[in-house]
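Good morning, and thank you for making time for this presentation. Please look at the sequence and the structure together as I go through them.

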Amino acid sequence: MAAPQLKPGHSWAETYARCVRAAPEAFTADRLLNLARGEWRPIGTPGDHSTPIDGSAVPGPPRVGIEEARSAVAFAIDQHTAWSRVPLDERRARVAAAVDALAGQRDLLALLLVWEIGKPWRSACADVDRALDGVRWYLDQIERQTEGRTALPGPVSNIASWNYPMSVQVHAELVQLLAGNAVVAKTPSQGGFHCLTLAHALMHRAGLPVTLLSGRGSGIADALIRSAGLGALAFVGGRANGRRAATSLADLNRRHFLEQEGLNTWGVWDYSDWPTLAAHLRKGFEYAKQRCTAYPRHVVQRTLFPAFLETYLDVLRGLRFGHPLAVDDPADELPELDFGPVIHAAKAAELRGHFDAAVAGRAVPLYRGGLTEGRFLPGQNLDAYLAPAAVLDPPANWALHHREPFGPLDSVVLVDTESELLAAMNAGNGSLVASLATDDQAFADRVAPDLLAFKVGVNRPRSRGDREEVFGGLGASWKGAFVGGDLLVRAVTYGPDGAQEKLYGNFPSYSLYPPR
């Protein structure tokens, strides 16, 4: 059999050239521009960057400094004043036009996600499609959702993670715009900035008041979080950065929704339907578990461990990973993979170190796959790739004992009692999702309310959800207003009580939860 080859027409050079042709105002031959003060501008210093796919160099984010960021935010505040007065029908027409333009570049947006952040083709397309389908739902619902409500007093500032540029960041921005708010967005430094640049070029062409900046968070965060005149902060990222953002907001009484990492867990108790669980476990490895709703911890009743282990190891051995654009024949479709690389080589090295540290702390190495099991191009750089791995009963002082790895490294904990199961499943002090695999519905009904997760599944995983489904987190996994469905619109608008409105969410003085 011939060695795999890069799918013709899908090289990085060809992909970037397509961006230059599609949006010449935002891409030059050798750098990206920032969208500031109403125009695409060659400001900021492009940094070095490489794609996780094969380590090759790509144009990096053009990082601006604090003064440029402050100037851009001040302009966005003026834009917001005008946009908030635009009638809903006009706002809806412009957002719909942006959605149509994005749909017209769907495949290029998805291909950028493959190259920039390593998504397999199917996952990349799903990220784009979910963003657009979700906004279409809001276009149909927005009149009802905004009745009796007004835009915020200033634009929404968006600081998001790199893993879902379209279905999380662009989706949220378009809903914010639809509700009458101007938008300021920062590109993630680790990847996704090419995709976001193309998306925002199309949004800007549709007449939407958007600002897109690249920059180091430590250098421009003050402008994006504390600038007088901003209406809200939307943040997706880790707990350390989330805490810093929350601290910066503490004295501002400003709308915010901060989604932070949480250790999501599967609990397995009095269970027998192993084929169903196997399907869920397999799907859970999509995109190398680089998702806020991935399940990296499995808490298993000790007497069920032999059956669980047989099921689990079969899943691990069957996972497909490798170069997302490698084909055997030029006419072949792009490969169906569970995952490609992790976000960068340093992350892969970090996770290998975490596995070694767990074993050194007397965890049992359940599984450690090799890159020879993956599918790659001859001689390609493999530094950002990591085969699936798992440890049993990691030590309590393990660096990942209380937090998610954000990669294909799982841990399994054995328990003997319900109280031990609850303690192990709540080890992360709050999470976005959790699930129980059990044949005993009474057990599920008894245990589920005590799990520190916003969404709990019984014999099924939970996810962020789409359209009308609400989303949030318990404990340290979320600060501020909950989002999703009608709650997202409420979070970015004022009701009759204005800033004093009591929203669903986790706030310093209260927590209020919707039916979930």
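I begin with the surface. The accessible surface of the chain comes to about 19,200 Å², and 52% of that area belongs to carbon and sulfur atoms. Accessible areas here come from the Shrake-Rupley method with a 1.4 Å probe, and for residues only the protein chains shown count as cover.

A word on the source of these values. This is a predicted model, in which local features need pLDDT of at least 70 and side-chain atom pairs count only at pLDDT 80 or more, while totals for chains, interfaces and linings use all residues. Residues are numbered from 1 along each chain as its sequence is written, and side-chain values use heavy atoms, with hydrogens and water left out.

Now the overall fold. The chain has 15 helices and 23 strands; helices (H or I, at least four residues) and strands (E, at least two) are DSSP runs, numbered from the N terminus. The radius of gyration is 23 Å, close to the 24 Å that the globule rule gives for 516 residues, so the chain is as compact as a globular protein of that length. That radius is taken over C-alpha atoms, and the rule is 2.2 Å times the number of residues to the power 0.38. Along the principal axes, the C-alpha atoms fill a box of roughly 65 × 60 × 40 Å.

Of the 516 residues, 61% count as buried, where buried means under 20% relative accessible area, exposed over 50%, and partly exposed in between (1.4 Å probe, protein chains only). Among contacts between residues at least 6 apart in sequence, 72% join residues at least 24 apart; contact means heavy atoms within 4.5 Å.

Let us turn to helix 7. This helix covers residues 193-205, and its 13 residues reach 18 Å from the first C-alpha to the last, close to the 18 Å expected at 1.5 Å a residue. The expected span is 1.5 Å times one less than the number of residues. Just after helix 7, G207 takes a positive phi of about 85°.

Two residues other than glycine also deserve attention. K289 has a positive phi of about 60° although it is not a glycine. K289 is found in the loop between helix 10 (274-284) and strand 13 (297-301), and at 4% relative accessibility it counts as buried. N459, also not a glycine, has a positive phi near 60°. N459 lies in the loop between strand 19 (453-458) and strand 20 (478-481), and with 29% relative accessibility it counts as partly exposed.

The loop between helix 10 and strand 13 also holds T293. T293 is buried, with a relative accessible area of 9%. Leaving aside neighbours within four places in sequence, T293 is in contact with N264, V433, R462, S463, R464 and F471.

Finally, I come to H323. Where is H323 placed? H323 is in the loop between helix 11 (305-318) and strand 14 (326-327). At 1% relative accessibility, H323 counts as buried. H323 and D54 are 269 residues apart in sequence, and their C-alpha atoms are 8.1 Å apart in space. Not counting residues up to four places away in sequence, H323 touches several residues, among them L6, I53, P335, R375 and Y385.
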